[in-house]
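Trainee: I would like a close look at one aromatic site. Please take me through it, then set it in its wider surroundings.

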Amino acid sequence: MTERDDNQNQEEEKSSPASSLVEKIQSLGQSNVASAPDSNIHILPIIGQIEGHVQLPPKNKTTKYEHLIPQIIAIEQNPKIEGLIVLLNTVGGDVEAGLAISEMIASISKPTVSIVLGGGHSIGVPIAVSTDYSFIVGTATMTIHPIRLTGLVIGVPQTFEYLDKMQERVIKFVTGHSNITEEKFKELMFEKGNLTRDIGTNVVGTDAVQYGLINEIGGVKEALQKLNEMIEERRKNEENQVIQ
Amino acid sequence: MILYTPLSMDDIFPEDEREYEKHKWINVEGKMMKVYDHNDGTVELTQMISTNPNDYLDTRYMPGSRLKL
């Protein structure tokens, strides 16, 4: 190959993905260039606001549940994927969307671990506890507060009952998937004087572990170590089943 | 000007509808990407959605890189 050809190739590399794919097939006879083996651990970042039924303005950083849920199913189905890490840095958002994501993660048969980085506020709390094991970094915080409605609210007792039932679902999910007691969680949720002009508590990393909300303090290293342990255990169990 | 209000900024200064259209989701090699349309035949990659950590190491799809459609 001459030098001129080389330059041409480099130029073509920068062009659209479709033509670079054609170029790869032409030059190498295959569509995929050999790369590092696929990771057996996949990640699910939950960042910004959790977007539900209402589309937020483009300036907002959002995680859309219609994007996440198919990915969770793909992870469950793909035999090459053995574990999942959920990365959380969210301010919360839509309760229904958040609960849907939490339920999906909780029902995966593969080992799952979550890391709360920065913040796992509001509806981020059920997502953080939905995994088999949860980690929080020392500086991260989680805001626990009662749920609320935005937009047009019809002021009738039924609205309050609906809200109360929705809140009950969140409390049930969190207490069912973590070691925190219902009394303690409700106490944190309705605490006065911690948040300015609002009720609730901002729980810092170490406190979240102390209350039993999160399993352990830790970051990437601890999470990967734990996940690999769980994957190894699962493999052993599967082998035993085959022998029997 | 300082505006003290519990309302969100978008409620007071609504975003131009056309701004929504510039941000779109496209599918490139099976990876979902959020792009900003520059209206010159190229789009700027702003976000990629993938659960495979190796996809984030692909130098072709670094945030801010321009893609031709």
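Mentor: Start with a rule: a charge sits over a ring if NZ of Lys or CZ of Arg is within 6 Å of the ring centre and within 35 degrees of the ring normal. By that rule, the charged end of A:Lys226 sits over the ring of A:Tyr133, 4.3 Å from its centre. The model is predicted: local features need pLDDT of at least 70, side-chain atom pairs count only at pLDDT 80 or more, and totals for chains, interfaces and linings use all residues. Residues are numbered from 1 along each chain as its sequence is written, chains are lettered from A and ligands numbered from 1 in the order in which they are written, and side-chain values use heavy atoms, with hydrogens and water left out.

A:Tyr133 also has an aromatic partner. Searching the whole structure gives one aromatic pair over all chains. Rings of Phe, Tyr and Trp (its six-membered ring) pair if their centres lie within 6.5 Å; planes under 30 degrees apart are stacked, over 60 edge-to-face, the rest tilted. The pair is A:Tyr133 with A:Phe135: the centres are 5.3 Å apart and the planes at 55 degrees, so it counts as tilted. Both A:Tyr133 and A:Phe135 are buried. Buried means under 20% relative accessible area, exposed over 50%, and partly exposed in between (1.4 Å probe, protein chains only).

Now the chain around the site. Chain A has nine helices and eight strands. These are DSSP runs, numbered from the N terminus: helices are H or I with at least four residues, strands E with at least two. Of its 244 residues, 42% count as buried. Take contacts (heavy atoms within 4.5 Å). Among those in chain A with a separation of 6 or more, 67% join residues 24 or more positions apart.

For contrast, A:Gln55 is exposed, with a relative accessible area of 52%. A:Gln55 is in the loop between β1 (41-51) and β2 (62-64) of chain A.

Last, the partner chain. In chain B, 22 residues are in contact with 24 residues of chain A. The two chains bury about 1,900 Å² between them, 56% of it on carbon and sulfur atoms. Buried area is the accessible area (1.4 Å probe) that two parts lose on being put together, summed over both. B:Tyr20, B:Thr51 and B:Lys68 supply 29% of the area that chain B buries against chain A, more than any other three residues. Zero salt bridges are found across this interface. The rule there asks for a side-chain nitrogen of Lys or Arg within 4 Å of a carboxyl oxygen of Asp or Glu.
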